[in-house]
4 protein chains.
Amino acid sequence: MPGNSFGQFFRTTTFGESHGGAVGVVIDGVPPRQTIDLSVVQDWLNRRRPGQGSLVSQRQETDRIECLSGLQDGMTLGTPLCLMVRNQDARPDDYAALRDVFRPSHADFTTEAKYGIRAASGGGRASARETIGRVAAAAVASQILKAVVPGIEVVAWVESVHQIDAAIDPLTVTLEQVAQSEVRCPLPAIAKAMIQAIELARADGDSVGGVIGCVVRGLPVGLGDPVFDKLEADLAKALLSLPATKGFEIGSGFAGARMRGSEHNDSFVELPGRNGPTLTNRSGGIQGGIGNGAPVTMRVAFKPVASIAKPQHTITKDKKKVTLDGGVPGRHDPCVLPRAVPMVEAMVWLVIMDHFLRNNALQLNFGKV
Amino acid sequence: MPGNSFGQFFRTTTFGESHGGAVGVVIDGVPPRQTIDLSVVQDWLNRRRPGQGSLVSQRQETDRIECLSGLQDGMTLGTPLCLMVRNQDARPDDYAALRDVFRPSHADFTTEAKYGIRAASGGGRASARETIGRVAAAAVASQILKAVVPGIEVVAWVESVHQIDAAIDPLTVTLEQVAQSEVRCPLPAIAKAMIQAIELARADGDSVGGVIGCVVRGLPVGLGDPVFDKLEADLAKALLSLPATKGFEIGSGFAGARMRGSEHNDSFVELPGRNGPTLTNRSGGIQGGIGNGAPVTMRVAFKPVASIAKPQHTITKDKKKVTLDGGVPGRHDPCVLPRAVPMVEAMVWLVIMDHFLRNNALQLNFGKV
Amino acid sequence: MPGNSFGQFFRTTTFGESHGGAVGVVIDGVPPRQTIDLSVVQDWLNRRRPGQGSLVSQRQETDRIECLSGLQDGMTLGTPLCLMVRNQDARPDDYAALRDVFRPSHADFTTEAKYGIRAASGGGRASARETIGRVAAAAVASQILKAVVPGIEVVAWVESVHQIDAAIDPLTVTLEQVAQSEVRCPLPAIAKAMIQAIELARADGDSVGGVIGCVVRGLPVGLGDPVFDKLEADLAKALLSLPATKGFEIGSGFAGARMRGSEHNDSFVELPGRNGPTLTNRSGGIQGGIGNGAPVTMRVAFKPVASIAKPQHTITKDKKKVTLDGGVPGRHDPCVLPRAVPMVEAMVWLVIMDHFLRNNALQLNFGKV
Amino acid sequence: MPGNSFGQFFRTTTFGESHGGAVGVVIDGVPPRQTIDLSVVQDWLNRRRPGQGSLVSQRQETDRIECLSGLQDGMTLGTPLCLMVRNQDARPDDYAALRDVFRPSHADFTTEAKYGIRAASGGGRASARETIGRVAAAAVASQILKAVVPGIEVVAWVESVHQIDAAIDPLTVTLEQVAQSEVRCPLPAIAKAMIQAIELARADGDSVGGVIGCVVRGLPVGLGDPVFDKLEADLAKALLSLPATKGFEIGSGFAGARMRGSEHNDSFVELPGRNGPTLTNRSGGIQGGIGNGAPVTMRVAFKPVASIAKPQHTITKDKKKVTLDGGVPGRHDPCVLPRAVPMVEAMVWLVIMDHFLRNNALQLNFGKV
């Protein structure tokens, strides 16, 4: 199967280059008779969009969603939804000078090596703009799941930027708290320090990385498969498929590797509490690949943005040395983290939706077909 | 697609419970006319097998591989290979007492919740014994790839145990160095300290976790897909599908999230060096989801083994409190790391093999079909 | 996997209802650096389009193809192609009266039963308009294959209409001969009789069915798989997925079931001739599921169009009897066969393209990746 | 995806060459807590087995089924079932003389062309022995479906042999009636004539083909998908994937292509009758790709067996002419039809089971997950 689809039951196929005619998504496997509000999809796109503040890319695109199929009077037909956004702010000239240069830590070299051709401008499919389709699909998935599973929610936040860390409680953090800060860190004081770190990098013509935390609360018990398609395995794939990601943790993560079993084990309790069926939740809500009802907690590492304004040495397609004069910082973000928050949530919704339908398939005892 | 298969072109389907009739694998998508030495498969199983030293589980199984199909005179027919190992050391009685208990941080609770039934003894599909099929498949994949891509190699090692860390150079570490130590850490002095940490845990009736490092050297440029099936995304899924894993890093990993772009970026150079086409290799050999020819470097976090000899509080299926008297440590490892080394290598080989065939499919200009 | 995609390597996902915003297709798995002429795609759509003569539906749509992604200066990028056609001639009012009626032998009843909702007008996904995406994808596939496999060609023709049969030689029939007749039967005298049969049905407010023949010439030896994905099995599925099809034959077909082995067997000959490696070609170019180099010959049965002008008895959603007064014949064809010719060719191209790439994946000995 | 698997939710992967160590199947996607009687599986294998009478192959194999995984005390665990039959009657010497010969209308030539290697004896994967895995999987699927959908049944029968036809009523024919005749035709007088035709062919060292009819009764409304995965399309693929098949019809089939719409259309009625929701059933129980509750009626054409005792001209691998002296008829059937009856039923069960689970996945309103 080619690589532009995600999910097996709720199957999301994205299309579109960053500066071509349009970007979008076809979603196959949408259950019928579900109510979808396109303005919610637009809200998701707005959250994902660059140009929302001083921190992020200055590229201005309206990113208006258009639904080409699958909906009738706001209700799903059970047929494929095609959601599309026209590219309106393409400025290929900005990129013409870079046509034959392999920018450091970009996909230029590997795309050229693999395909022998690459989109003449922008990052082609490697651009963050490709994630528009993913976010739109998640906006659909989340509306369906919230209607069927009352109380389910996915919240992501910026947990660290460069050297600044925030300690967030995954049990209580809310989407509203995250939204209050431009940098999408729910702790105001830390958020301020993060913004300073980003501004400092921008002033230096540089960029910074960071970590995004994410939690799923209210997930039904039983999603996930015990062998290859463990819930954490599919989450890991989903999140590492986002541009610029370098690491993934579930539950205790790398810190858990430093523990002993007696410290790490989550004891089951008689009455479910804030950690679901267990006293503690170092498992991160998943045991043996299957959700246990506790909050699913994750962390995702993002490298610093590769596009920087500082001069850099590299080579051209013809193996000639060249110095990238980054004097003009271009339209790129010094820090991708704030914009990546909805992308992380989106991929998590897509994983959950897919496993939800998959789990359904095997439930034979619900009465009549 | 149900969850017991991995890969789309080199498709590995494992079967078997830990204490049923047999465990094994069917591999579909095996290229024809490839030479396979079954003794190499047996060597892989031996490396994976428990009971190899004082550090690991005392369960003794000969684990003799049997090939039921797909090979003729040591050559692949292009038909499915079925490789099987009979279960010989099943002792269900050891587990009878646990039939209704939800062991802390095991898959008992979630399996029961999802399926309403679970294997009466052992971990069922959640057992590490399931990985026999994966390791056997990788033993096939690696033989094929090594013949077609001279110089390709995958090396994994124990990088940390509990609080003991080893700094290993992924560019030079060899399989032989790893094999010399019982704990599979290539630095003898550190290995000794790791063994002490494991023995200490065993003496306490406890267990320890750790980190495994892994590198692919000699990977052809161009494997991996730019969007959902990024090479690192598929590696993340593959490795997080192993039992007891909690985290994954590619290249700079979480440490990379603390860097600035000017520190992190890998400059392209005129002549490929030890880091492939770039001066440094914080990308971990993958850019935009596609391998760039540099070594692919990964780290995987393993939690401490859940089965410990210390007493633990938990509940039964009927929600009654119970204290697991771990006085008899059972046949479980105090540290899964050494045995997990071939499992990590196995999953990496399976990912590479799959992407190798996938990449092939789109290469139209090689002459005639 | 949901049901709106076809193919595993050259993966075609269609979207769009007959009277919604647009219909189209996303093709994933397109090899890079292939030249695609969009005017060829438009030509295919024109061949498929209703309203081309007195024989077919009077619904007028320009069906202008728009390419949203995947192409740059007429060359494939190796990224998904999205091809779209806006719906311009939607007249929901024509269908309002039918909203609650289950038209005989239409998909109204089953769509309602399965989904609990259906597109308010037209046939939704059951409409022949859905095939626009298939035909567009085939127009892409055929251009790629023809460049890589010189001499390959797919020709379909109308072999029978109602009671009128044409005996066509699959070894010599050409696209040009087929195109010369409005009814797409390459024998002028028979074509004339077929047109009369269609006009007669129209005059009666009735419709007629028929059979389409199809041949693939120049197919490389070796495409197809020996077990479930036999080439003829995938062709059968492809063609039975077209609306209104009731039967499929490969090679000798049902007539072959009346023969003895000594009559039916195709003897291999020293020098390949017009029937490829065999003296005769009752196998239809496929043996053991794999193409043998002989022409692949098929026949597909189409039922008479369900929409007729004659009065018909049926029921409504509420189980009330109703008589469909077909006094106004609507915009439907009395015979779908001529328009179905490019649809048959399209599905055959999609099967071949998919198996071509699939076969490629296992060819390891072509040198370097 | 390689070609040895069938189905997406109830995923059947067969393995094994006709004369290797074993043949078998791994079934993934088996719902948990379903009761499976292995003696029913054995009964299916016995029905499929050669050597049951004078009409069929004299090859004697006990074909004892062994279950390696997935069952516990006769109940499914929700894990993969591996079912295996050892090959016991392999006589490679019988085939040694044929090693380099391309037998007419066998898979020898194409296998050699595609893979460059083939099983040294027997038909490898092209052998009817491969269907053991399919039949075993169907024996599992049918037990599960019958428990969940009371009244569902699949019945196949021999409808014609060579020139002898039987007119069978698909609404009333039973498995018992079919089983009473050695040739598996439920009309005793016609069965007798068929047996004579087969004996006549055997006496001539020849073989005969024929047609198998099949019906599904009691299928829940709503199975099947409206576009590519129409129920009839998946049935066509399933049945054309059986060895020796040349054609498929659903409902009215090729005869329907000779009708007018007013004759062919199935009117909906107020009260469901023997034809389900329609007065007649030319649709064959499927409309728009989705089952409508009427009996699903099919016909499958089988060519005469390619292995005959008469002398035949062909060539060797080295393109030398050779005459196959068929003086020894070998162990092959003069007519495959009787043995193919359970194979046809098996493939139909596998299609239904897969669509049943698939349909389940999208039913969101059944309460709690």
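Two strands are said to pair if DSSP finds at least two bridges between them. Helices (H or I, at least four residues) and strands (E, at least two) are DSSP runs, numbered from the N terminus. The model is predicted: local features need pLDDT of at least 70 and side-chain atom pairs count only at pLDDT 80 or more, while totals for chains, interfaces and linings use all residues. Residues are numbered from 1 along each chain as its sequence is written, and chains are lettered from A and ligands numbered from 1 in the order in which they are written.

**Contacts between chains**

Residues count as in contact if their C-beta atoms, placed from the backbone, lie within 7 Å. On this basis, 88 residues of chain A touch 88 residues of chain B. The largest contribution to the side of chain A that touches chain B comes from helix H7 (residues 231–240) of chain A, with 6 residues. That side of chain A holds 34 nonpolar, 34 polar and 20 charged residues. In this classification Ala, Val, Leu, Ile, Met, Phe, Trp, Tyr, Cys and Pro are nonpolar, Asp, Glu, Lys and Arg are charged, and the others, Gly among them, are polar.

Chains C and D also meet, with 88 residues from chain D and 88 residues from chain C. Helix H7 (residues 231–240) of chain D gives the most to the side of chain D that touches chain C, namely 6 residues.

**Strand pairing**

| Strand | Partner strand | Sense | Bridges |
|---|---|---|---|
| S12 (residues 245–250) of chain A | S12 (residues 245–250) of chain B | antiparallel | 3 bridges |
| S12 (residues 245–250) of chain C | S12 (residues 245–250) of chain D | antiparallel | 3 bridges |
| S3 (residues 22–28) of chain D | S7(D) | antiparallel | 6 bridges |
| S4 (residues 66–69) of chain D | S7(D) | antiparallel | 3 bridges |

Individual partners can be named. A:Glu249 has B:Gly247 as its bridge partner in S12(B), and C:Phe248 has D:Phe248 in S12(D). Within chain D, D:Val26 stands opposite D:Cys82 in S7(D), and D:Cys67 stands opposite D:Leu83 in S7(D).

**Burial**

A residue is buried if 20 or more other C-beta atoms lie within 10 Å of its own, exposed if 12 or fewer, and partly exposed in between, with C-beta atoms placed from the backbone. Strand S7 (residues 81–86) of chain D is largely enclosed by the rest of the structure, because 5 of its 6 residues are buried.

A:Gly133, in helix H4 (residues 131–148) of chain A, is buried, with 27 other C-beta atoms within 10 Å. Beyond its neighbours within four places in sequence, A:Gly133 has contacts including A:Thr14, A:Phe15 and A:Val25.

Note on methods: Two residues are in contact if their C-beta atoms, placed from the backbone, lie within 7 Å.
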